[in-house]
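I opened the model to look up a few things and note them here. The entries follow in the order I made them.

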Amino acid sequence: MVKKTDWSGILEHLERVAAKGKDMVWCIAGAGNGGISMAGHLGLLGFPVHIYNRTDEHLNAIRWYKGIEVEGAVSGFGPVRLATSRIGEAIAGTDVIMIVTPSTAHYGLGTLMAPFLEDGQIVVLNPGRTGGALEFRAALDREGCTARVVIVEAQTFIYASRMISRNKGHIFRIKNGVPVSALPSFLTPAVLKVIDVAFPQFIAGSNVLATSLENIGAVFHPALTLLNAAWIESTGGDFEYYLQGISPSVARVLQAIDDERLALARALGIRTVSAREWLYLTYDSVGADLCSAIRATISYAGIKAPKTINHRYIWEDVPMSLVPMASIAAMYGVETPAINLTIDLANLMHGVDYRANGRTVHTLGIEGLSVEELHRLVTEG
């Protein structure tokens, strides 16, 4: 059975939050490459900012300087009101909680936050990968959280950024448009009125199934890394990851993975674009096939391969992107041999069972749901 939540009053609450403007309080969970830049940017924009990080010592520089410096697409000093490793203190009284961590941390953060969350708080997963919002909701349910929290999943991270130091971030660019969807999706317009006060780049996605299945990184990252393992290990990643790492044979594997992703989307009644179409829409890259389209992507020039295969392209993207795709597909009778082969290769090369520790229909809380019930869950709550 799908658990129903009473959302009465939440829409009115979100309207009041949006009306606060620069007085709305933001919490950034994660003080790594993305979190440092986002917290600094929000502070620079004039919002009250809290930042949470599990390792307290990583926050010392922020506390010392009372903020974060950002450079690049935006430049300046962003004050931070509170930097803490205590999750309850970090999220208390905040309006929007931006989770900016690897997706492997989402379930654990849901468990930690559950006792402290309040009605009407917005929690945004930046990004959710595949099934992030559903997994976070399941974590709250399993912890007995009764707060009516609005969970939001972003299709991708809004910045290309990196951390210069523990209190300085470089934002290479802010993406033009990043689809987001609330769980349930009828809350998405009200959520956008809130988060677009700071980030007008966020646009409406149809639902969290769509944002999950628009996960192009699941197509490009794991297989490309695994099939270039010998080159990565012999050179320390000293080659052009996309432009040299791709070949017609490798591209055929990526294309097979993409075809299976699209087949799953069709089975769930979700409209999405192919990886080749995404390259054209995102980078104006034209190609007769996926290999030529990747090679035509000028923005990929200069991007080096990972220095090791012990990289998030495997340890994050396999369990948090490919495993849930395979698990959902199996429940609905969609064949995914290329995705399963990639998972098997990752298991062998890393000596890890990613199916055992990855997202599945059980951990997502959707086991046994029909397609109709799944759509009712993500659209109506």
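I took a cavity to be a set of points, on a 1 Å grid over the protein atoms alone, where a 1.4 Å probe fits but cannot get out, with lining residues having an atom within 4 Å of a point. This is a predicted model, where local features need pLDDT of at least 70, side-chain atom pairs count only at pLDDT 80 or more, and totals for chains, interfaces and linings use all residues. Residues are numbered from 1 along each chain as its sequence is written, and side-chain values use heavy atoms, with hydrogens and water left out.

Entry on the cavity. T130, G131, L134, V208, L209, S212, L213, L264, L268, I328 and L374 line the largest cavity. Helix α8 (residues 208-213) gives the largest share of that lining, 4 residues. I took helices as DSSP runs of H or I with at least four residues, and strands as runs of E with at least two.

Entry on the sheet. I looked up an open sheet of 4 strands, ordered β4-β3-β10-β9, with mixed pairing; two strands pair if DSSP finds at least two bridges between them. The edge strands are β4 (76-79) and β9 (159-165). Strands β3 (residues 67-72) and β10 (residues 168-174) run parallel, joined by 4 bridges. E71 stands opposite H170 in β10.

Note on methods. On a 1 Å grid over the protein atoms alone, a cavity is a set of points where a 1.4 Å probe fits but cannot get out, and a pocket is an open set with protein on both sides within 12 Å along at least five of seven lines; lining residues have an atom within 4 Å of a point.
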